[in-house]
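Visitor: I have a protein model open here and I'd like to go through it with you. Could you help me look at its pockets and at one of its helices?

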Amino acid sequence: MQKTSVQDYLELNRDVLLDNWMQKVMINPNDPYKDLIRTNGSIMLTMVISFMNNQTDEDKIEFFANKVSMERLKANINIGEYVYNVNLGRSEILGHLPFM
């Protein structure tokens with residue numbers, strides 16, 4: 001039986017990971033960027049996979065970090081929600097690793 005790399009597993013299970021994550025995230029109904037949460041999560045997952053493949057693009061990371069930080073600033077929503085959601089995504093990924 002062929003072993004799947006972590007990167008391949010994450011890519012193959014991208015939709016499941018994102019669906020599970022979206023069921024648990026904190027979303028403030030007043031957040032004007034709430035429709036971008038899944039998209040931002042998907043971009044973050046892509047960056048994690050790229051990092052694992054040693055294909056880190058620091059310019060893309062910086063651009064994304066600036067984009068999200070401006071969204072959070074303009075939304076005027078507690079930053080703790082963002083931190084919680086990011087940690088939730090990390091936990092979702094780590095929770096799937098034993099199934100490989």
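Guide: We will go through the pockets, and then turn to one helix and one of its residues.

Visitor: What kind of model is this?

Guide: This is a predicted model, in which local features need pLDDT of at least 70 and side-chain atom pairs count only at pLDDT 80 or more, while totals for chains, interfaces and linings use all residues. Residues are numbered from 1 along each chain as its sequence is written, and side-chain values use heavy atoms, with hydrogens and water left out.

Visitor: How much space lies in the largest pocket?

Guide: The largest pocket holds about 530 Å³ of space. A pocket is, on a 1 Å grid over the protein atoms alone, an open set of points where a 1.4 Å probe fits, with protein on both sides within 12 Å along at least five of seven lines, and its lining residues have an atom within 4 Å of a point.

Visitor: And which residues lie nearest its centre?

Guide: Of the 27 residues that line the largest pocket, W21, G41, M44, N85 and V86 lie nearest its centre.

Visitor: Which helix gives the largest share of that lining?

Guide: That is α5, with ten residues, although α2 (14-24), α3 (37-52), α4 (58-75) and α5 (79-96) each supply at least two. Helices here are DSSP runs (H or I, at least four residues), numbered from the N terminus.

Visitor: What about the second largest pocket, where is its centre?

Guide: Nearest the centre of the second largest pocket lie I43, T46, M47, K60 and I61, out of 13 lining residues, and the elements that give two or more residues to this lining are α3 and α4. About 180 Å³ of space lies in this pocket.

Visitor: Switching to α2, which of its residues are buried?

Guide: In α2 the buried residues (under 20% relative accessible area, with a 1.4 Å probe and protein chains only) are R14, L17, L18 and W21. Seen down the axis of α2, these fall within an arc of 95°, taken from the directions from the helix axis to the C-beta atoms, so they line one face of the helix.

Visitor: What sits on the face turned away?

Guide: The face of α2 turned away from its buried side carries D15 and Q23, which are exposed, meaning over 50% relative accessible area.

Visitor: Why does R14 count as buried?

Guide: R14 counts as buried because its relative accessibility is 12%.

Visitor: Which side chain does R14 make a polar contact with?

Guide: The side chains of R14 and S42 are joined by a polar contact of 2.9 Å, a polar contact being a pair of N or O atoms within 3.5 Å, where within protein one must be able to donate a hydrogen and the other to accept it, and residues adjacent in sequence count only if both atoms are side-chain atoms.

Technical notes:
Grid points are joined across faces, edges and corners, and a volume is the space filled by probe spheres set on the points.
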